[in-house]
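The sequence and the structure are shown first, and the description follows.

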Amino acid sequence: MIKGSRISLNVLAACLALALPAAASAQTMQPAGTAEQRAAMQTLSWMDGEWVGEATVSMGPGQTSTHPHTERIGPMLGGSIKVIEGRSLGGADGAAAFNAFAVVSWDDASDRYTMRSYANGEVGDFPLQATADGFSWTSPARGGEMRYVATFRDGEWVETGHFVMPGREPMQVIQLRLRRRGDTDWPAGDPVIP
């Protein structure tokens with residue numbers, strides 16, 4: 001019994017010796033993300049805040065439906081990522097007809113932006129390109145792809161999505177027209193304090 005206990009204590013002591021350097025380095029707080037990530041996300045800082053406006057959706061040839069639409073956007077992890085929630089209201093009861101969530105980040109290794117999007121029960125990672133006055137991104141769709149182009153001019157955010165299929169003219173499927181309502185501390189505001 002004593003011999004086995006010494007082996008167990010020796011194993012425990014070895015495990016503790018290995019864990020102590022990791023615990024000590026964990027106590028040294030580092031800013032979230034890298035300096036390169038935080039700098040890259042500054043290019044998209046115009047998006048931060050609460051946005052209100054309309055989403056106009058194509059319902060078929062010559063038919064559209066327009067809904068109140070909001071976006072709330074803010075930085076997280078020291079500004080190294082951007083968190084986005086979009087919501088279109090569907091009726092008088094105020095229920096959401098569309099609700100999406102996304103995280104935009106900068107990948108140092110590949111030197112590009114990536115957007116992870118959650119919408120309509122699906123999730124995907126999509127390259128996002130910052131432009132001089134907005135951004136663009138593309139996602140696969142049945143039979144083709146969706147191409148989105150957003151511009152920010154004169155205080156208005158306009159984002160248009162076209163369905164693109166080989167051999168056919170692009171077809172506009174959605175357009176957002178938004179104006180910034182103000183600042184928000186979402187999502188970083190009011191953190192849980194230990």
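Is Phe101 buried, partly exposed or exposed, and what is its relative accessible area? Phe101 is partly exposed, because its relative accessible area of 34% falls between the limits of 20% for buried and 50% for exposed residues. The residue belongs to strand 4, which covers residues 96-107. Together with Tyr118 and Val123, Phe101 forms a nonpolar patch on the surface, and the accessible area of these residues comes to about 270 Å².

**Overall organisation**

The model described here is predicted. The protein contains two helices and ten strands. Read from the N terminus, the order of its elements is α-α-β-β-β-β-β-β-β-β-β-β. Of the 194 residues in the protein, 30% are buried. The accessible surface amounts to about 12,400 Å², and carbon and sulfur atoms account for 58% of it. Where contacts join residues at least 6 apart in sequence, 35% of them link residues at least 24 apart.

Glu85 is placed in strand 3, which spans residues 81-89. Its relative accessibility is 12%, so Glu85 counts as buried, the limit for that class being under 20%. Leaving aside residues up to four places away in sequence, Glu85 touches Thr70, Glu71, Arg72, Asn99, Ala100 and Trp186. With one of these, Arg72, the side chain of Glu85 makes a polar contact of 2.7 Å. A polar contact of 2.9 Å also joins the side chain of Glu85 to that of Arg87. Tyr118 lies 33 residues from Glu85 along the chain, and the C-alpha atoms of the two are 9.6 Å apart.

**His67 in strand 2**

His67 is located in strand 2. With a relative accessibility of 18%, His67 is also classed as buried. The side chains of His67 and Ser65 are joined by a polar contact of 2.9 Å. When residues up to four places away in sequence are not counted, the residues that His67 touches are Gly53, Glu54, Ala55, Ser88, Leu89 and Gly90.

| Residue | Partner | Polar contact |
|---|---|---|
| Glu85 | Arg72 | 2.7 Å |
| Glu85 | Arg87 | 2.9 Å |
| His67 | Ser65 | 2.9 Å |

**Backbone features**

Most residues other than glycine have a negative phi, and most peptide bonds are trans. Against this background, several places in the backbone deserve attention.

Leu77 is not a glycine, yet it has a positive phi of about 50 degrees. Leu77 sits in the loop between strand 2 (63-76) and strand 3. Its relative accessible area is 48%, and Leu77 is therefore partly exposed.

Asp190 likewise is a residue other than glycine with a positive phi, in this case near 55 degrees. Asp190 is found in the segment after strand 10. Is Asp190 buried or exposed? Asp190 counts as exposed because its relative accessibility is 74%, and the limit for that class is over 50%.

The peptide bond that leads from Trp186 to Pro187 is cis, with omega near 0 degrees. Pro187 is located in the segment that follows strand 10 (171-182).

Methods: Residues numbered from 1 in each chain as written. Predicted model: local features only at pLDDT ≥ 70, side-chain atom pairs only at ≥ 80, totals over all residues. Heavy atoms only, no water. Helix = DSSP H or I, 4+ residues; strand = E, 2+ residues; numbered from the N terminus. Buried < 20%, exposed > 50% of the residue type's maximum accessible area, 1.4 Å probe, protein only. Contact = heavy atoms within 4.5 Å. Polar contact = N/O pair within 3.5 Å; in protein donor to acceptor, adjacent residues only side chain to side chain. Areas by Shrake-Rupley, 256 points an atom, 1.4 Å probe, with all protein chains shown as cover. Patch = residues over 30% accessible without salt bridge, like charges linked within 9 Å, V, L, I, M, F, W, Y side chains within 5 Å. Salt bridge = Lys/Arg side-chain N within 4 Å of Asp/Glu carboxyl O.
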